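Dear colleague,

I am passing on the structure below, and my notes on it follow directly after. Please read them alongside the coordinates.

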Amino acid sequence: MAIAAVDPSSTDITPLIQHPVLWACAAGVFAVIILQSVIYFRAIRKAAPAVGLSPAQVTGSVRSGAVAAIGPSLAVALIAVSLLPLFGTPAVLARIGLVGSAAFDVAAAGISAGTQGAELGGPTYTQKIFALAFAAMTIGGLAWMLSALILTPILSKGDAKLRKVNPAVMAIVPTAALLGAFFTLAFTEVLKSPAHLVTMLASAAAMAVCLILAHRLRLSWLREWGLGFSIVVALAAAYFMTAA
Amino acid sequence: MSTTTSADTAAGLSAFDRTTSIWGPITLALGLLISLAAALYAAFGSGMGITPVELVTAVVAVLATFGVIAIIEPISYFPILGRSAMYQAFLIGNIANKLLPAAVVAQANLGERPGTRRAELIAGSAIIGAVLIHITTLTIFVGILGTWLVGMLPAPLIATARGYILPAVFGAVVLQSVMAMRSRRTTIVAVIVAAVLVFVVVPLVPSLTFYATALAVVITIALSWFTRSKTPPSVVGTAPAEASPPHISEPTR
C-alpha cells in the first residue's frame, strides 16, 4: 500500500496523487457518467417519435455530438496530460477531465494552496498542500453540482409557466441566452492578447470555409467536422504566432 | 417527420420527463457524493494532519472567488440546455468548451433551435455522443498513456493548447451559432451587449469580471424581447419569421 510512503511535509507527492482511494473515486465518477448516458439514451430513443425524430436522426445527433467533441476532447486531454505532474492521474481524470474544468480547478488549487502560504509546484508544494488543494477544489466544484441540483427544478417550473403564458418567450430566450453567452466569452478571450484575437479569427475563418464548402458541395459531414478542423487550424495559427 | 397525435406526443414526452427527473438528480447526486468522499479522504483520511479549520479556510477562499459563478452558470445555461440536459451537463463538466458546441452542431444539422422539446432531445443525444468521445480520449490519452506522454509532448505544444484552446473553440462556435440561430435581431443585440460589457463596462468596473457572462445573458434576453419583431402573427411555438439573411447552414437532412 502507498500509505507507508505518505508524509505530509514531503515534496514527493507521488504516493498521495496516485493513491488507490483517489483512483477508486475517479473510476466511480466515470461509472456514474456512463450509467447516466445509458439511461438517457434509452429515454431519448423512446421519446424521439413524439417530437418527430427518427431513430436515424437520434443516432445522427449522437454522432454529430461525438464528432464535434473530438477537437475539444483532444485539447482537454492535452491540457490534462500537462497537469499530470502537478495533480496526478486520478485527480486530473476526475477533476480537470470530467466534472470540473482546467480553468476552475487550477485556479481553485492555487487559491487554496495560497491559504497555507504555499504555491503549486516548487519547494512549498508538499503532500499536505496537494491534499488540501485537491479537497478544496473538489468541494468548490461541488457548488456547481449542488446549485444545478437545487435550481433546475425551480427553473423548470418557471419555464413551464412561461411556455403556457407566452410561447414567443421560449423562442427568443434560448437564442438570446446562447448568443449573449458565446459573444461575451469570445470577446473576453479577444482582450487577452493579439495572438488570442488572431487565433479566434483563424478559427472563425476556418469554420466559414467549412460551412461554405459543406453548402456548395453538399458535404454534410464537413459541417460535423468543421469544429475539429477549425480548432486545429486556430491552434496552429496560435503556435506560429507565439513561436515567431 | 412522422405524424403523431398530440396525445402520443404528450405520453411520449411525459415518460421521458419522468425518467430524466428521477435519474437526472440521482446520477448528479451520486457524482457529487463520490467527489465529496474523495475530497474528505484526501483531507482527513490520508494522514496529512489537515485540520477542519484549514480545510474550511481553503474552501471559503475558493467559494469567495467562484461561489457566485456556481450559482449564475446553471441559471445562464438553463434556457439553452433545458431541464433534462442540465443534469447531464453539470455532471459531466466542460460545458462551454465542449457540451454546448456539440449540442449546437447537432441542432444545426437538424435545423432546430434551442428551446423546443425536439431541441432538448437532440441536445441530450449530442451530449451522449460527446461523453463517449470524451471518456474514450481521457481513458486512452490520460489514464493509460498519460504518464508516458508527459515526457513525449514538446512543452510549447502543451503551452499553446493550454493558452489558446478557448479562442480556438469560440471563433468557430460563435460563427456556427449565429448561422444556426438565424435571428439577425438577436445576433445584433448580443454583439452590442457583449461588446459593451467586455470592452467598456468590465474595464471600468473590474469587480464585474466574473459576472460578465451572466449579465450578458440577462441583458441580451431582455433587449431581444423588447426589440423583437412584432409584426407577423407568429406560428404557435415558433419565432416570428424574422428577416433572416441568406444563410449557408441550410439543413440537408
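If we set aside the neighbours within four places in sequence, Ser224(B) is in contact with Ile172(A) and Ala176(A) as well as with Thr186(B) and Val189(B). Please keep in mind here, and in everything that follows, that this is a predicted model. Ser224(B) belongs to helix H9 of chain B, which covers residues 212-226, and Ser224(B) counts as buried because its relative accessibility is 3%, where the cut-off is under 20%.

Turning to the interface as a whole, 152 residues of chain B and 145 residues of chain A take part in the contact. Between them the two chains bury about 13,200 Å², and 79% of that area is on carbon and sulfur atoms.

As for specific pairings, there is 1 salt bridge between chain B and chain A; Lys128(A) forms a salt bridge with Glu54(B), with 3.0 Å between the closest N and O atoms. There are also 11 residue pairs in polar contact between chain B and chain A, both residues being at pLDDT 80 or more. On the side of chain B that touches chain A, the residues divide by class into 93 nonpolar, 47 polar and 12 charged.

Finally, an unreviewed UniProt entry lists several stretches of chain A under "transmembrane region", among them residues 20-44 and 194-213. In the model, residues 20-44 of chain A are 100% helix and 0% strand, with the end C-alpha atoms 36 Å apart, while residues 194-213 of chain A are likewise 100% helix and 0% strand, with 28 Å between the end C-alpha atoms.

Definitions and conventions:
Residues numbered from 1 in each chain as written. Chains lettered and ligands numbered in written order. Predicted model: local features only at pLDDT ≥ 70, side-chain atom pairs only at ≥ 80, totals over all residues. Heavy atoms only, no water. Contact = heavy atoms within 4.5 Å. Buried area = accessible area lost by both parts, 1.4 Å probe. Salt bridge = Lys/Arg side-chain N within 4 Å of Asp/Glu carboxyl O. Polar contact = N/O pair within 3.5 Å; in protein donor to acceptor, adjacent residues only side chain to side chain. Nonpolar A, V, L, I, M, F, W, Y, C, P; charged D, E, K, R; others polar. Helix = DSSP H or I, 4+ residues; strand = E, 2+ residues; numbered from the N terminus. Buried < 20%, exposed > 50% of the residue type's maximum accessible area, 1.4 Å probe, protein only. UniProt positions renumbered as here; feature names shortened; annotations may be inferred.
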